[in-house]
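Here is a short walk through one protein structure, meant for someone who has not looked at it before. Please keep the sequence and the 3D view open while reading.

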Amino acid sequence: MRRYFVTLSYDGTRYHGWQIQPNGDSVQARLQEALSTLLRAAVSVTGAGRTDAGVHARMMVAHFDWDGDPIDVQQLSYKLNRLLPYDIAISKVEPVSDDMHARFSATSRMYRYYIHTAKDPFQKAYSCEIHYPLDFAKMNEAAGILKTYEDFGAFCKSGADVKTTLCEVTKAEWVQTSSTTWYFEIRANRFLRNMVRAVVGTLIEVGRGRLSLDDFRKVIEGKQRSDAGESMPGNALFLEDIVY
């Protein structure tokens, strides 16, 4: 039995997230079907995590196990790209050691959430349009506070089946890319369901003056999802990087 890593990217617009769903199309299902077709055997794929409906990935990693003849990984990458739909792209397939795991061997993941503050037809699909003034300096102060906490239950989707709400956030900041465009970048060892979109929604409440920095701390310490800001739209969120 040999283990292989698949590194891919995808536009999540048409999918109900990464994970296989009983009543909706998913990226995992498409990749699993394509691999099974090309290798002519049932293949099970395990991803580095799961992105929600409409969320994109510039980098996702998945693994599968294979007990057949050695795989020509370059040919498999080429054939996967020919078979998969236009919005899923394979960058490489590579053999890894048996103890490597797409999810559990990852040491960090990085997301970016994109916003723009002026109407722009070319930003709409992959960025969230904001129509009110924001204090980004104050939002960055609040973002820095995230690195001083470990329990992020306040930003976890209600009813999520998680064993722990502890995460180690090592980077959290707003970055300006033009006079009207920004992104929020956050890196952590793991993320909870809906966490990044809830964090962004709460930081925006700080930027609007609706929450003070002390209020922001109280939201985190209270560990109640109902105290945090709204979950922002998924189309502006990208999984950008995974480190092993």
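The model is a predicted one. On the H3 side the contact is made by Lys138, Glu141, Ala142, Ile145 and Leu146, and on the H5 side by Leu213, Phe216, Arg217 and Ile220. Sorted by class, the residues of this contact are six nonpolar and three charged, with no polar ones.

H3 also packs against helix H4. The axes of H3 and H4 come within 8 Å, and the crossing angle is roughly 140 degrees. The two helices are therefore oblique to each other. The crossing of H3 and H4 is right-handed. From H3, the residues Lys138, Met139, Ala142, Ala143 and Leu146 take part, and they meet Val199, Leu203, Ile204, Val206 and Gly207 of H4. Eight of the residues in the contact of H3 with H4 are nonpolar, one is polar and one is charged.

The remaining pair to follow is H4 and H5. Their axes come within 10 Å and cross at roughly 160 degrees. Angles over 145 degrees count as roughly antiparallel, which means that H4 is roughly antiparallel to H5. H4 passes H5 in a right-handed crossing. Here Thr202, Leu203 and Val206 of H4 meet Leu213, Phe216 and Val219 of H5. The contact of H4 with H5 has five nonpolar residues, one polar residue and no charged ones.

The next topic is the empty space in the model. Rolling a probe the size of a water molecule over the atoms shows where such space is left. How much space lies in the largest pocket? The largest pocket holds about 890 Å³. Its lining consists of 33 residues, and those nearest the centre are Ala48, Gly49, Arg50, Arg103 and Phe191. Several elements give two or more residues to this lining: strand S2 (46-47), strand S5 (108-116), helix H4 (195-207) and strand S9 (237-243). In the lining of the largest pocket, 16 residues are nonpolar, eight are polar and nine are charged.

The second largest pocket has a volume of about 260 Å³. It is lined by 13 residues, and Leu38, Leu39, Ile71, Leu76 and Lys79 are the closest to its centre. Helix H1 (27-39) and helix H2 (73-83) are the elements that give two or more residues to the lining of the second largest pocket. By class, that lining divides into six nonpolar, three polar and four charged residues.

Definitions and conventions
Residues are numbered from 1 along each chain as its sequence is written. This is a predicted model: local features need pLDDT of at least 70, side-chain atom pairs count only at pLDDT 80 or more; totals for chains, interfaces and linings use all residues. Side-chain values use heavy atoms; hydrogens and water are left out. On a 1 Å grid over the protein atoms alone, a cavity is a set of points where a 1.4 Å probe fits but cannot get out, and a pocket is an open set with protein on both sides within 12 Å along at least five of seven lines; lining residues have an atom within 4 Å of a point. Grid points are joined across faces, edges and corners, and a volume is the space filled by probe spheres set on the points. Helices (H or I, at least four residues) and strands (E, at least two) are DSSP runs, numbered from the N terminus. Ala, Val, Leu, Ile, Met, Phe, Trp, Tyr, Cys and Pro count as nonpolar, Asp, Glu, Lys and Arg as charged, and the others, Gly among them, as polar. Contact means heavy atoms within 4.5 Å. Axes are lines fitted to C-alpha atoms, for helices over the stretch in contact, and angles run from 0 to 180 degrees between N-to-C directions. Angles under 35 degrees count as roughly parallel, over 145 as roughly antiparallel, 65 to 115 as roughly perpendicular and the rest as oblique. A crossing is left-handed if the near helix is turned anticlockwise from the far one by less than a right angle, and right-handed if clockwise.
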